[in-house]
Structure formats: C-alpha cells, structure tokens
Amino acid sequence: MDYKGLVGQYKDALISDLFGLLEIESVKGEPAKNAPVGEGPKAALDYMMSLGERDSMVSKEVDSLAGHLELGSGDKLFGILGHVDVVPPGNGWDTNPFNPVLEDGEIIARGVQDDKGPTMAAYYALKILKEQGMDFKYRTRLIIGTDEESDWQCTDAYFKSEEMPDAGFAPDAAFPIIHGEKGITTFNIIQKHTPLDEEEPNIELKVLISGERYNMVPEEAEAKLKVLQNMSEVIQSFEDFLRRDDTEGEYEIDNGFLKLGIKGQSAHGSTPEAGVNAGFILLKFLNELNLDNNATAFVKFANSKIIGNFDGEKFGMAHSHEELGETSVNTGMINYTEVDGGIFGVNLRYPEGLDFESGLRDFEDSIYEEGFVIEDVTRQEPHYVDKNDPLVSVLLDSYRNHVEDDTEPFTIGGGTYARTLEKGVAFGAMFKDTADTMHQKNERMKVEELLLATEIYLEALHRICVKGEMDED
Ligand SMILES: [Zn+2]
C-alpha cells in the first residue's frame with residue numbers, strides 16, 4: 001500500500017475536518033443537560049460522531065462523555081484512544097486560539113497538538129482504510145474522550161460499559177513509543193500529636209508554607225517565627241546558612257515577627273532531583289534553631305524522613321525495575337501552622353514490583369510514635385507493556401518505515417492516556433524535533449507532521465487490523 005500517496009490525496013479534507021474540530025471551544029465547563037463536563041467538550045464529541053456517520057462508520061456515544069467510531073468485523077478489537085477536550089487557552093496568543101490559522105506550514109490553535117490533531121490523524125487512518133475497501137481481521141475502534149485534561153470521567157464511564165480492546169494505542173504523547181509508565185500516588189503525611197518535651201524553647205514557629213501542587217517541586221518557602229530572645233543572633237545564623245549553601249533567601253521583621261523566605265528551583269514531580277525544594281532548605285535551617293515542642297517534632301521528622309528522600313528509601317519504599325526505573329518521591333507541599341501542626345503533601349511514583357499498599361502501611365506504622373499519620377491516598381497502578389510484545393514491534397516498525405530514527409521505545413514517570421487501556425502504549429504524535437507547545441500559548445502543529453503521523457497510523461492499522469501481523473509470531 002502506498003501510505004504516503006494515499007494520505008496526500010486526503011490532505012485538504014483532513015485539514016478542513018481538523019479546522020472544524022479546532023473551532024469548538026472544548027474547555028471543561030459547568031455540567032449541563034447531556035453534557036456532564038460542559039457544552040464545549042460535548043460539542044466536540046458530537047462533531048467527531050458526525051464525521052463518522054458521514055463516512056459510514058458505526059458510531060456510539062457513552063454517557064455524553066465518550067464515544068467510538070468502529071470499522072470491520074471479527075472477535076478481536078483494536079483501539080485507538082484520543083481526546084477532544086482542551087485546556088483553557090490562557091493569555092498571550094498571537095491569534096485567536098479557537099480560530100485556527102495555517103501559517104508557514106503550521107496550524108496554530110488550542111488543542112492542535114494535544115490532542116485534536118493526532119486524533120484527527122488517527123481518524124483519517126481509519127477512514128482511508130475503510131475507503132480502500134479492506135477486509136479487517138480486527139474490529140478497529142477510535143475511542144474519543146472528553147475529560148482527559150481533568151478527571152478522566154470519560155474513560156471511566158466508557159470502560160464501565162464498553163469492551164476493553166485486546167490492544168491499542170493513544171496518539172497523545174510522543175513517538176516512537178512509550179511502553180511503560182510508573183504508578184502515580186499522592187498522599188498527605190499529617191502531624192497528629194506531639195510527644196512532650198521539657199526543654200525551654202526560644203522560638204515559636206507560627207507558620208511555614210511551601211508549594212501548591214503534589215506534582216511540582218516547590219520553588220518558594222516562607223516561615224513566620226516569634227523569636228523570644230536574641231533576634232539578631234537568629235538573623236545572623238540565617239545569613240550564615242544562606243552563605244554556606246549559596247542559597248537565595250531573605251528575611252524581614254514584621255510587627256515583631258521574623259519572616260524568612262527561601263528560593264529554590266521548580267521541576268516536575270516525576271523528576272524531583274532536577275529541582276531544588278525550597279521547603280527542604282528552610283526546614284534544614286529551622287532544624288538548627290531551638291523551636292517550640294510541636295515545631296521541633298515537625299522539623300525533626302522532616303529532617304529524618306522527608307528531606308532528600310528522592311528514591312523512597314526513607315519510607316522503606318525504594319524499588320527499582322529494569323525498564324521503569326526507580327521509585328521517585330516529590331514533597332510538593334509542606335505546610336505548618338501553630339494550631340494545626342504540620343502536613344507534607346507527597347507525590348510518590350513507583351515501578352512494577354513494589355507492593356505500594358503494604359509498603360505504605362508499614363511506613364505509617366513506623367511513624368506513628370513520632371506523631372504522624374497518612375491520609376488522602378490516591379493511586380494509579382504502574383502501566384507496562386513488554387518491549388518485545390508484537391504490539392510494540394509492529395508499531396515501532398511502522399514508525400521507522402517513515403522516519404529515520406533509531407530511538408528505542410521508552411518509559412516515563414508521568415502518566416499518559418494509554419494507561420486506561422489494558423494493553424496500550426502511547427504512540428505519537430510528537431516527533432523527535434517537534435517543539436512541545438501542549439498547554440501553551442500559540443499551540444501549533446506542522447501540516448507535514450500531521451500528514452506523517454497519519455501515514456504512520458495508516459500503516460500500523462493496516463498491518464495490525466487488516467493483515468493481522470500482531471498475531472503472527
Ligand atoms: Zn492530551
């Protein structure tokens with residue numbers, strides 16, 4: 001099959017259908033009748049359904065949150081999972097984010113890269129195969145979600161009532177293939193009671209605050225102290241501390257309180273060591289002071305269990321997997337108030353092979369004596385498809401037939417839409433040199449890349465769903 005030639009014939013139709021989709025403001029909004037995540041995402045879903053109906057595909061909507069378009073017949077099902085909701089446009093655009101323009105070979109619009117462009121590329125791969133009059137060995141389904149950017153209500157609802165594909169991919173990340181993702185958890189470590197201590201403190205810790213999100217390394221930290229004696233000595237030791245570690249920080253005396261601020265370096269929660277956790281630095285300094293009892297317990301705990309615990313060793317949850325790598329721990333939020341005590345908001349990511357639940361239970365048992373408990377646990381399991389699985393090899397081969405690139409399939413600490421498939425990988429649509437403009441102003445995708453992705457998807461679907469290559473070995 002001449003994949004490139006075929007896709008070329010559909011170029012104008014593809015771009016025109018994509019423009020129609022990009023014009024829909026499918027940002028999550030207030031629930032409305034038959035639109036549980038808002039009118040915009042529902043309109044984008046309806047739009048895709050109507051394309052499928054126009055092109056004589058079998059269509060089905062599920063709970064107004066998701067839907068699919070299907071081709072072929074047979075027992076086996078192959079799935080492609082894309083989404084048509086987008087994040088809010090934000091400010092600073094050079095064009096109207098919902099009025100797509102084609103400029104210098106690039107389409108500029110919110111969602112063109114994430115994930116409307118790649119979803120439309122997959123749609124056209126299905127459409128072209130259908131119009132070639134192929135006999136399918138797999139039923140081939142494009143599944144479309146409308147809540148990927150928020151809570152994944154779409155796939156939750158969809159897979160509650162619909163069949164799980166035997167295999168599939170999500171065109172919602174990068175080429176060549178992401179075949180593994182760590183388990184992602186969040187939890188809070190909360191200070192409940194403080195063992196009594198008889199010493200006379202010199203400093204009362206009123207407030208400490210650092211970070212706002214589990215999945216980011218805190219860039220700033222602030223504390224407010226009441227110093228009972230020798231304020232100047234405390235300030236002197238703070239200045240010495242900053243100088244010693246070459247740290248950026250400042251202090252201020254405000255209404256008799258001493259306020260301390262530290263600047264660190266932000267990074268994504270999946271790579272905590274790439275950042276500098278401002279909260280950690282501030283806690284290290286506080287550990288040198290003679291604080292009140294409750295604050296002492298909080299700061300001592302932080303120094304023994306939290307600071308520098310990037311691999312989970314201090315939780316007893318370090319684990320390593322050949323391909324998925326190691327446990328990573330980001331302490332994205334650190335808060336303390338005199339009244340409520342301390343709380344650490346943790347984002348722990350782990351590879352296959354770690355028993356997260358029992359590990360967390362053992363850790364909680366071990367910190368009870370120090371006055372801490374664990375609450376608010378959320379968890380997504382690790383997701384992994386063997387690199388030697390025929391799914392991975394056929395997709396990789398289809399990619400390499402169009403792109404000169406030896407990059408091997410890889411794994412990440414983050415989560416992609418592919419994890420909602422039982423056996424699914426992320427497959428495109430960003431290429432090696434593609435500028436990642438997802439969730440940013442002036443989001444863009446090259447027409448050339450849109451067509452190339454379509455060719456790759458067409459070849460992959462042809463080989464898997466028509467020729468049955470995945471089942472050969
Ligand atoms: Zn996406």
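Aspartate 115 lies in helix 4, which covers residues 112-131. In this predicted model, the peptide bond that joins aspartate 114 to aspartate 115 is cis, with an omega of about 5°.

## Other backbone features

A cis peptide bond also runs from phenylalanine 175 to proline 176, where omega is near -5°. Proline 176 is placed in the loop between strand 8 (173-174) and strand 9.

Aspartate 104 is not a glycine, yet its phi is positive, at about 50°. This aspartate sits in the loop that connects strand 4 (101-103) with strand 5 (106-108).

## Division into domains

The protein is divided into two parts: domain 1, made of residues 3-180 + 383-471, and domain 2, made of residues 184-380. Taken over C-alpha atoms, the centres of domain 1 and domain 2 are separated by 40 Å. To the contact, domain 1 contributes 11 residues and domain 2 contributes 8 residues.

## The interface between the domains

About 730 Å² is buried between domain 1 and domain 2, and carbon and sulfur atoms give 51% of this area. On the side of domain 1, the residues that lose the most area to domain 2 are Tyr384, Gly413 and Arg419; together they account for 57% of what that side buries.

## Aromatic pairs

The structure holds 25 aromatic pairs. One of them is formed by tryptophan 152 and tyrosine 417, in an edge-to-face arrangement with 5.5 Å from centre to centre and 70° between the planes. The pair counts as edge-to-face because the angle between the planes is over 60 degrees.

This pair links distant parts of the chain, as the two residues are 265 residues apart. Tryptophan 152 belongs to the loop between strand 6 (139-145) and helix 5 (153-161), whereas tyrosine 417 belongs to the loop between strand 21 (410-412) and strand 22 (424-426).

Key. Residues numbered from 1 in each chain as written. Predicted model: local features only at pLDDT ≥ 70, side-chain atom pairs only at ≥ 80, totals over all residues. Heavy atoms only, no water. Domains from an automatic or database assignment. Contact = heavy atoms within 4.5 Å. Buried area = accessible area lost by both parts, 1.4 Å probe. Phe/Tyr/Trp six-rings, centres within 6.5 Å; stacked < 30°, edge-to-face > 60°. Helix = DSSP H or I, 4+ residues; strand = E, 2+ residues; numbered from the N terminus.
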